[in-house]
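Q: I have a structure open here and would like to go through it with you piece by piece. Could you keep to what can be read from the coordinates?

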Amino acid sequence: MHIVQIDLNKDYSDVIRQAVAILKQGGTIVYPTDRVYGLGCNATDEFAVRHIYDVKQRAAKPLPVLARNMEWVEELVYLNDDQRKLANKFWPGKFTLIFPKKDIIPAIVTTGLPSVGIRIADYPFTDKLLSAFGYPLVATSANLSGGEATGDINKIIAEFKDLPRRPDLVIDAGILPPSNPSVLIDCTSDKPKVLRVGPSKPEELLKLLDF
């Protein structure tokens, strides 16, 4: 497990290149997001996704996916006009939307389910990482199964450092600001269903869902 430190206010292009090299080899990385630290790999690489489950010591459970923009989303999931309109209301931001997946997303990501949770973050680091890599990332939290998501990189390093299966690269951007979970919305039916409210007020969500 290699650890590199970055300052998000300075140039970190060398670290982005390191991360991309590891991801292209099917490796896993811990990386900062607009919420907490994520544990990621190439979401289209079945072997790499299996490594994510091993690192988290996690039984089969669907994994969320991080895309860079709507063009990427269109390649990963099926959208109708209403779903597209809804996605444009929420993204980029802390909203995970569930849509029917295309075959480019391996079944292991969704544990065989026909849909996948997907998000476009509003965060410069992930945008630069995705742009350089060119593929969507698994965006599960960087912790062992049953643990809490965190923005404290010191806790993450301590948790993983002595395990037999560890992330290949840890990108240490310091302690991230506190953040609430993303809102989770199931958009696979005609009427979207809010599965996790997160920081948003229910009445505000209802307005946004009225399309």
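Q: Let's start with Thr111: how accessible is Thr111 in terms of relative area?
A: In this predicted model, Thr111 has a relative accessible area of 32% and therefore counts as partly exposed, since that class lies between the 20% and 50% limits.

Q: And what is the phi of Thr111, about?
A: Thr111 is not a glycine, and yet its phi is positive, at about 50 degrees. Thr111 sits in the loop between H5 and E6.

Q: Which peptide bond is cis, then?
A: The bond that joins Trp91 and Pro92 is cis, with an omega of about -5 degrees. Pro92 is placed in the loop between helix H4, residues 81-90, and E5.

Q: Changing topic, how many salt bridges does the structure hold?
A: There are seven salt bridges in the structure. One of them is between the side chains of Asp14 and Arg17, with an N to O distance of 2.1 Å.

Q: Where do Asp14 and Arg17 lie?
A: Both are in helix H1, which covers residues 13-24, and they are three residues apart, about one turn of the helix. Arg17 has a relative accessible area of 52%, which is over 50%, so Arg17 is classed as exposed.

Q: What about Asp127 and Arg68, how do their side chains meet?
A: The side chains of Asp127 and Arg68 meet in a salt bridge of 2.9 Å, N to O. Because Asp127 belongs to helix H6 (residues 124-133) and Arg68 to the loop between E4 and helix H3 (70-76), this pair ties together parts that are 59 residues apart in sequence.

Q: Which residue does Glu74 pair with?
A: Glu74 forms a salt bridge with Arg84, and their closest N and O atoms are 2.5 Å apart. With Glu74 in helix H3 and Arg84 in helix H4, the pair links distant parts of the chain, ten residues apart. Glu74 is partly exposed, with a relative accessible area of 26%, and Arg84 is partly exposed with 25%.

Q: Which residues are linked with Glu74 in a network?
A: Salt bridges link Glu74, Asp81 and Arg84 in a network.

Q: Which side chain has a polar contact with Asp172?
A: The side chain of Gln5 does, at 3.4 Å from that of Asp172. Asp172 itself is placed in strand E9, residues 169-172.

Q: Last topic, what volume does the largest pocket have?
A: The volume of the largest pocket is about 850 Å³. Its lining is made up of 37 residues, of which Arg58, Pro62, Pro64, Thr140 and Arg196 are the closest to the centre. Among the elements that give two or more residues to this lining are strand E3 (37-40), helix H5 (107-110) and strand E10 (183-186).

Q: Which element gives the largest share of the lining of that pocket?
A: E6 does, with four residues.

Q: And by class, what does the lining have?
A: The lining of the largest pocket has 17 nonpolar, 13 polar and seven charged residues.

Key
Residues numbered from 1 in each chain as written. Predicted model: local features only at pLDDT ≥ 70, side-chain atom pairs only at ≥ 80, totals over all residues. Heavy atoms only, no water. 1 Å grid on protein atoms, 1.4 Å probe; cavity = no way out; pocket = protein on both sides within 12 Å on 5 of 7 lines; lining within 4 Å. Points joined across faces, edges and corners; volume = space filled by probe spheres on them. Nonpolar A, V, L, I, M, F, W, Y, C, P; charged D, E, K, R; others polar. Polar contact = N/O pair within 3.5 Å; in protein donor to acceptor, adjacent residues only side chain to side chain. Buried < 20%, exposed > 50% of the residue type's maximum accessible area, 1.4 Å probe, protein only. Salt bridge = Lys/Arg side-chain N within 4 Å of Asp/Glu carboxyl O.
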